[in-house]
Amino acid sequence: MELLANLTMGFQVALTPQNLLFCLAGATVGTAVGVLPGIGPVTTIAMLIPLTFHMPAVGSLIMLAGIYYGANHAGATTSIMLNMPGEPSAVVVCLDGYPMAKKGRAGAALAMSAIASFAAGCVAFLIVASLAPALSHLALLFGPAEYFATIVMALVMTSILTDDGLLTTLGLCMIGLLLGAIGTDLTTGDSRYSFGFTALSDGIDFVAVAVGLYALTEIIEYSSTDTVRQNILFSFRGLIPSRDELRSSISPIIRGTGIGSLLGIFPGTGPMLSSFIAYAMEKRIARDPQRFGKGAIEGVVGPESAANAAAITHFIPMLTLGIPAGAAMAIMLGALQIQGIAPGPTVMTNHPALFWGVIASMWIGNLMLLVLNLPLIGVWVRLLGMPFQVLYPPIIAFSCLGVYSIHNASFDIYIAAACGVLGIVLRIMGCNPAPLILAIILEPMLEQNFRRSLILSNGDPLVFLTNPASLGILVFTVVVLVYFKARRRHVIKAVEEPA
Amino acid sequence: MLQIVNARRFWQGALFLGIGAVALWQLPLPIGRLTNMGPGYFPMLLGMGLLILGASSVLLSLGRGERSHVERLSLTPTFFIIGGVIAFALLIEPAGLALALLVMVLGTCHARLRQHPIQVAVIYVAVLGLCWFVFIYLTQLPLKLFW
C-alpha cells in the first residue's frame with residue numbers, strides 16, 4: 001500500500017503541466033536524435049545537459065530520462081528502414097527488421113516494435129517502482145568498504161559491455177580516475193594535477209569530457225566514413241500487424257522483457273547485451289530457426305522489448321545507490337549532482353518527490369513514445385530521408401556553447417576539444433570510452449570510501465576481503481564477469497551465424 | 001624474432017605507460033600513510049597501476065606471427081572539426097558569437113560536406129539563429145552577437 005501511495009505522489013509530480021511538457025520534450029528530442037545514425041543517447045544527453053541547469057531538478061531529470069529512453073527506442077526505426085542501427089542496442093533489430101521491410105511489412109515491424117517497447121516499459125516500470133525502495137533501504141546499511149566494492153563492481157563490469165579485454169577496461173578506468181582526481185582534494189584541500197592552470201583547480205567538468213568523448217568523437221568518426229545518402233526504398237501503408245504477427249509476438253515480448261529487466265539492473269550489461277541475448281534465445285527456441293534473418297517478427301519484438309526493459313531498469317542502481325550502470329546513467333548522475341542533490345540511498349528519503357516523480361514519468365514517457373511512434377512514424381521516417389550531415393554543425397555548435405555556458409569559460413571548450421582527440425585515439429585503438437566516463441564521475445566517491453575504509457580498519461588493506469558483504473560483492477563481480485565474457489562470444493556467434 | 005603482433009594492444013599499453021608516468025612524475029605531495037592518506041596516495045596507486053597494466057599490455061602484444069593493424073581513420077575530419085572547435089573557443093569572447101560560429105561552421109562543413117556555398121550559408125544562418133535564441137535570448141549568457 002505504501003507503494004501505491006508513493007506512486008500516487010509520483011504521478012502527481014509527473015502529471016503537472018510543466019513536468020508533462022518536459023517529459024514530452026525529452027521523448028520527442030530523444031526520438032528525433034535516436035533515429036539519426038551515428039548519434040547515440042549519450043551524445044544527446046551530453047549536448048543538452050547544460051540547458052537543464054536552469055530547470056527545476058525534477059523537470060531536468062524527467063527530461064533527460066525521456067531523451068534517454070526515447071533515443072533507445074527510436075534506434076529500431078532506423079534499423080528497420082535503413083538496415084543501419086540508430087543506436088548500438090538496435091544492431092540486432094536490423095537482422096530481421098530490414099528483411100521484414102523488404103517484404104513490405106515495414107509498417108507492421110515498426111508498429112510491433114513500438115508495442116513491444118511499450119509492453120516491456122510497463123513491466124520494467126513496475127519493477128523499478130517495487131525494487132528501488134527495497135534497494136535504497138539495503139544501501140543505507142552499506143559502510144565504506146561495501147560502497148568501495150560496489151563502485152569497483154560498477155567500473156569493472158563495464159568491460160562486459162565492450163569487446164575489450166579486462167586489461168583495457170582497467171586501464172581506462174584508471175585513466176578516468178586520474179582525470180577525476182584533477183582539482184581540489186576533498187579531504188585535504190590540496191590542489192592536484194592543476195599543471196599551473198587555475199581553471200583546473202575546480203576539476204575537469206564531466207560535461208566537457210562527455211561532449212568530447214561522445215559528441216565530437218561520434219561526429220568525427222561519422223565524417224571519416226564514406227556514407228552515401230540513404231534512400232528510403234519502402235512505402236509503408238498498413239501499420240496494422242496481421243493476427244499471425246500479433247500472436248507470434250506475445251511470448252517473445254514476455255521473454256525479452258524478462259531478460260532485459262534482469263540484465264538492466266547490473267552495471268555493464270544494459271540494453272545492448274540484453275537485446276543480443278534475447279535475439280539469440282529467440283533463435284534457439286524457435287521451432288523453425290531458418291526463418292531468422294529473413295524477416296521473423298520474433299527477431300524484432302524480442303530484442304526490442306529486452307532493450308527497452310533494460311533501458312528502464314538501468315535506472316535502479318543510479319537512483320538507489322548513486323552508482324551509474326552505464327555511460328548515459330553516469331551523465332545523469334552528474335546532472336543530479338549539479339542540481340545540488342547528493343546521489344545515493346538518501347535520495348529516496350530526502351527527495352521523495354523527485355524520486356517517485358522520475359519513476360512515474362518513465363511510464364508516462366513510454367506512453368508518449370507509443371503515441372509518438374505509432375501515428376507519427378511517417379515524420380520520423382521522413383527525417384531519415386534528409387541528408388543528416390547538415391545536422392552535424394548545429395550539434396557541434398550546441399555542444400560547444402553548452403560546455404561554455406557551464407562556467408562561462410572558454411577553458412572548458414579546450415577540455416572538450418582535448419577529449420575529442422582522446423576519443424579519436426581510443427576509437428583508433430578500438431576502445432569503448434564508457435569505463436572512462438564512469439570513472440571520472442565515480443572518482444570522488446571511490447576515493448572517499450577507500451580512505452574511510454582504511455581509517456576504520458586501522459590501515460589493514462585486506463579489509464575489502466575480510467568484510468563479508470564487500471567480499472560477497474567482489475566475488476559476485478568476478479563470477480558474473482567470467483560468465484558473461486564466456487557467454488558473450490557464444491551469444492554473438494549464435495546471432496551472426498546463419499541457422 | 002619477437003615483434004608487435006597485436007598493434008591495438010601495443011598502443012593501448014603505450015598510452016597507459018605514458019599517462020601513468022605523467023601521473024607519478026607530477027604526483028601531488030604529501031603521499032601520507034594508509035591510515036592518513038595525503039592528496040598523493042590515491043593518484044600514486046593509480047599511476048603505479050597504469051604502469052603495471054601498460055607494461056603487461058606491451059608484453060602481451062609481442063609475439064610471433066602475422067601483425068594486426070590498428071584501424072585507419074582519415075585525419076582530415078579530426079583536424080577540421082577539432083580545429084573548428086578550438087577556433088570557436090578562441091573567438092567566442094573577443095569576437096562574438098557570429099564570427100566564432102562562422103569559423104566553426106566553415107571548418108565542420110569542410111570536414112565532411114564540401115557542399116554548395118549557398119547550403120553552407122543556410123546552415124550557418126540557421127545555426128546562428130538557433131544558438132542566439134537558446135543561449136543569448138533564453139539562457140542569457142553574457143555573450144556578444146557581434147564584436
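1. **Polar contacts across the interface.** Between chain B and chain A there are nine residue pairs in polar contact, both residues of each pair being at pLDDT 80 or more. The model is a predicted one. Helix 1 (7–25), helix 2 (41–61), helix 3 (75–95), helix 4 (97–112) and helix 5 (117–138) of chain B each give at least two residues to the side that touches chain A. Helix 3 of chain B has the largest share of that side, with 11 residues.

2. **Extent of the interface.** How is the size of an interface often given? It is often stated as the accessible area that is lost when the parts come together. For chain B and chain A the buried area is about 5,700 Å². Carbon and sulfur atoms give 79% of that area. In residues, 62 of chain B are in contact with 64 of chain A.

3. **Charge pairing across the interface.** How many salt bridges are there between chain B and chain A? The count is zero. The polar contacts of the interface, at nine residue pairs, are a separate tally. Over all chains, the salt bridge rule gives nine.

4. **Glu245(A) and Arg105(A).** These two residues form a salt bridge, with 2.8 Å between the closest N and O atoms. The pair links distant parts of the chain, 140 residues apart. Glu245(A) sits in helix 10 (residues 243–265) of chain A. Arg105(A) sits in the loop between helix 5 (91–102) and helix 6 (106–140) of chain A. Is Glu245(A) buried or exposed? Glu245(A) counts as buried because its relative accessibility is 11%, and the cut-off for buried is under 20%. Arg105(A) is partly exposed, at 29% relative accessible area.

5. **Glu443(A) and Arg192(A).** This salt bridge has its closest N and O atoms 3.9 Å apart. The cut-off for a salt bridge is 4 Å, so the pair is counted. Glu443(A) belongs to helix 20 (residues 434–456) of chain A and Arg192(A) to strand 2 (residues 191–192) of chain A, so the bridge ties together parts 251 residues apart in sequence. Both ends count as buried: Glu443(A) has 2% relative accessibility, and Arg192(A) has 2%.

6. The side chains of Arg291(A) and Glu298(A) meet in a salt bridge at 2.9 Å, N to O. Arg291(A) is partly exposed, with 34% relative accessible area. Glu298(A) counts as buried, at 12% relative accessibility. Elsewhere, salt bridges with shared partners join Asp185(A), Arg192(A), Glu443(A), Glu447(A) and Arg451(A) into one network. Arg192(A) and Glu443(A) are the pair described in point 5.

7. **Chain B: elements and shape.** Chain B holds five helices and four strands. Their order from the N terminus is β-α-β-β-α-β-α-α-α. What radius of gyration does chain B have? The value is 24 Å, whereas a compact globule of 147 residues would be near 15 Å. Along the principal axes, the C-alpha atoms of chain B fill a box of roughly 55 × 50 × 20 Å.

8. **Chain B: burial and surface.** Of the 147 residues in chain B, 46% are buried. Contacts between residues at least 6 apart in sequence include 62% that join residues at least 24 apart. Chain B exposes about 7,900 Å², and carbon and sulfur atoms supply 70% of that.

9. **Chain A: elements and shape.** Chain A has 22 helices and two strands. The C-alpha trace of chain A spans about 65 × 45 × 45 Å along its principal axes.

10. **Chain A: burial and surface.** Buried residues are 64% of the 499 in chain A. Among contacts in chain A with a separation of 6 or more, 80% come from residues 24 or more positions apart.

Technical notes: Residues are numbered from 1 along each chain as its sequence is written. Chains are lettered from A and ligands numbered from 1 in the order in which they are written. Side-chain values use heavy atoms; hydrogens and water are left out. The radius of gyration is taken over C-alpha atoms; the globule rule is 2.2 Å times the number of residues to the power 0.38. Buried means under 20% relative accessible area, exposed over 50%, partly exposed in between (1.4 Å probe, protein chains only). Contact means heavy atoms within 4.5 Å. Accessible areas come from the Shrake-Rupley method with a 1.4 Å probe; for residues, only the protein chains shown count as cover. Buried area is the accessible area (1.4 Å probe) that two parts lose on being put together, summed over both. A polar contact is a pair of N or O atoms within 3.5 Å; within protein, one must be able to donate a hydrogen and the other to accept it, and residues adjacent in sequence count only if both atoms are side-chain atoms.
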